[in-house]
Amino acid sequence: MAGSPAAPVRLICFPNAGGNTTAFRPWSTQIPPAVELLAVQFPGRQKRINVRIEPAEIELTLREFGRNADGSDRDVAYCERCVLDTRHPGVTVTDGLCSVCAGFDTHRDSATRYFGLEADFIRLMDTARIERRGEHDCLLLYSGGKDSSYVLLRLIDLGYRVATFTFDNGYISRTALENIERTTRKLGVPHVTATLAQMKQVFAESLRHESTVCGGCFRALTLLSTQLARQRGTNVVITGLSRGQIFETKLKRLFEQGVVDPADIDRRLDTHRQLFNIREDPIARSVGLKEVMARQEDSIRYVDFFRYDNSPSRDVRHYLASRDERWLAPKDTGLCSTNCRINDVGIHVHRMEKGYHNYAAPLSWDVRLGITSRQEAAEELGSHVGGENVGSILSELGYTPRDISRGIVQEAAVVVRKGAAQQSLLCAYFASSERVNVAELRDYLVRRLPEYLMPKHFIRVDVMPLSTSGKIDLTTLPPPPTGDEVISTSAGSEIEVQLRHLWREVLGVKAIELDDNFFDLGGDSLLATVLVSLIEAELGRSTSVMETFHHPTIRHMARMLERPL
C-alpha cells in the first residue's frame, strides 16, 4: 500500500538448547505470524515447557531452501577436461579437474565390460531372431536425426530386416520428417509415424515436474513403440541413445552402488523399464495409454545400439555423407538435437529453474568416453537459447518458468497437528518447483532452527489450497502420515534399525525418519533394485521392487517384511 511504513524488524525470543538463557534472533516479516503453544522437553529439565511457536519463522526458512539470490556465475569453477562446472549438483572442481572426471578411473574397467562390440550385438540379434513371432528382426526408434539415421543404415548393412517408428510430438523438424520419408521409401523399410493429441499437456506436465520436455516425450515414445512392437510380434526395439546418455541415465547410479556385472545390470534395467512403463504420476496421467503396460510375459528386448558401437560423432557424420548424399542435418531444430524444435524450451526452462544445462552431464560422459571432443561439446552447450521461438512455444503450452531466485520451495505452511497419542506435532507443508529431497531439506533446517522448531512431518502438495479470502486454507491440508509417532533419534525395532542402515547405504543419507518416503529421499526404481538385493542378502528376506513402491517407508517396509510367509 502506497505510503505505508516498512515492516518493522522484530526480536523474537527463543530459549537456548539448555532452556536456561535467552537467545535473540532478528527477523522481519510482511505477514503477522500466528502463534502456537507447543510442549517441549529441553535437555536437563524434567518437565515439559510450553514454548511459543510462530510458524512464520519456520515458513520463512523453508522458502529460503535452494535460493539463488542473484544467479551470478562469478564463483563458478569449470572442469578443463570435460564440460561440467560447479553449478551442476554434487560437482566440485580442484586444480581444473572436476570430481566426476577424477573418479572416472574407478568405473573405467566396468564401463569397458558393459559397452560391447559389434560381435556382441550380432550374437544378441541371432538369439532374438530365434524367438521372434513377426517378420522383422527389430523395430528402430527413428527420429530422422543424425544418430538414428546412422543406426538405420548400419542395421541394413548388417543384413537385418528393420521396421521403423517415429513419434511426432508436434515439434519435429520438417527436414527430419523429409529425411524419414525419403530414406524409408528408398530402403523399402516399413514405417509408422504416430502422435498424441494431448502432447502439449504432456510437455507442460514434464516441464512442471522435471524442468525438461524430454521426460514426457520419452514416456509417450516408449509406450507407443512398445504397443506397436507387440502388435507386430517384434521382440527387439532399438534406440539411438548415445553412450553418454546411457552412462548418465542408466550406469552411473548402478556403478556407484557396486553393481558392475553386465548381466546383473541388464536385469535391473529391465525391472526399471517395466516399472517406468506402469508407474502412476502426473506425466503418466497426461500421456494416458493405461492399457499399454510392461507385462511380465513380454519378451521384448530394448537395445541401445551405441552400447555396441563406439563410433565418434565425426565418424557418424562422415558415414552418413558417404552413404546418403541427400541426407541433410536439420537446421530448424533446437540445440543439442538434430530432429526436435522444442528442445530449446527444455534447455531454457532447466537453466532457469535448476541453474545448469540438462545436457551437460551426458555430454561430459561422451567426452570422457571419446565419443566427442571437449571443444565440440562446449560449443553445443554454449549456444544461446531463448528468444521468440522459446517464448512462443511456452505460450502455446501455457507454461511460465519458475524463477530460481525464488528458491525451490515456492510456498510453505506450518501447522500444529495432533498425533496418535494426542501430542502436538509440527507439520510442514510445501509446494516446490521440483521434487525435493526431504533429507536435504531437513538438514537445511537443522542448521538454521532450534531443535524444537523442527517439523516432525514434511508434506509436499502440488498447490497450496486457498480460502475465499485468498489466504492458505490450513483446514484443507492433508493429514500427516498415520502410525506410531516416534522421534528420529529412536532406535525403532530391530528390523527398522537394519532397514535404516541399508537405506543410508543406498541413498547416501544420514538422517532418515521411519516415515520418510524412499523416493522423496532421492530413491528411484534403479536404486530400489539395489535395496531389494541388500535386503535379501543381509536380512535373508525375500521382497521385490514393486513392494518398495507399495511400502515406501521404513515403518511400512518393516511391517511388510515381518508378515509371516
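A residue is called buried when its relative accessible area is under 20%, exposed when over 50% and partly exposed in between (1.4 Å probe, protein chains only). Helices (H or I, at least four residues) and strands (E, at least two) are DSSP runs, numbered from the N terminus. The model is predicted: local features need pLDDT of at least 70, side-chain atom pairs count only at pLDDT 80 or more, and totals for chains, interfaces and linings use all residues. Residues are numbered from 1 along each chain as its sequence is written, and side-chain values use heavy atoms, with hydrogens and water left out.

Helix 13 (residues 360–368) is mostly covered, with 9 of its 9 residues buried. Just after helix 13, Gly370 adopts a positive phi of about 80°.

An open sheet is built from 5 strands in the order 9-8-7-10-11, with parallel pairing. Two strands pair if DSSP finds at least two bridges between them. Strand 9 (191–194) and strand 11 are at the edges, each with a single partner strand, so one side of each has no neighbour in the sheet. On average, neighbouring strands are turned by 25° against each other, direction ignored.

Strand 7 (residues 138–141) is joined to strand 8 (residues 162–167) by 4 bridges. Its link to strand 10 has 2 bridges. Leu140 stands opposite Thr164 in strand 8 and opposite Ile238 in strand 10. Strand 10 (residues 236–239) is covered on both faces: Val236 and Ile238 are buried on one side, Val237 and Thr239 on the other. A further 4 bridges join strand 10 to strand 11 (residues 301–304). There, Val237 has Tyr302 as its bridge partner.The largest nonpolar core has 77 residues. Such a core is a set of buried Ala, Val, Leu, Ile, Met, Phe, Trp, Tyr and Cys residues joined through side-chain atoms within 4.5 Å. Leu62, Phe458, Leu499, Trp503 and Phe518 have the most contacts inside the largest core. Helix 18 (residues 525–539) supplies its largest share, 9 residues. Phe458 touches Leu62, Ala428, Phe430, Val438, Leu441, Arg442 and Leu445, not counting residues up to four places away in sequence. Apart from this core lies another, of 30 residues, among them Leu196, Ala220, Ala229 and Leu394.

Terms used: Contact means heavy atoms within 4.5 Å. Axes are lines fitted to C-alpha atoms, for helices over the stretch in contact, and angles run from 0 to 180 degrees between N-to-C directions.
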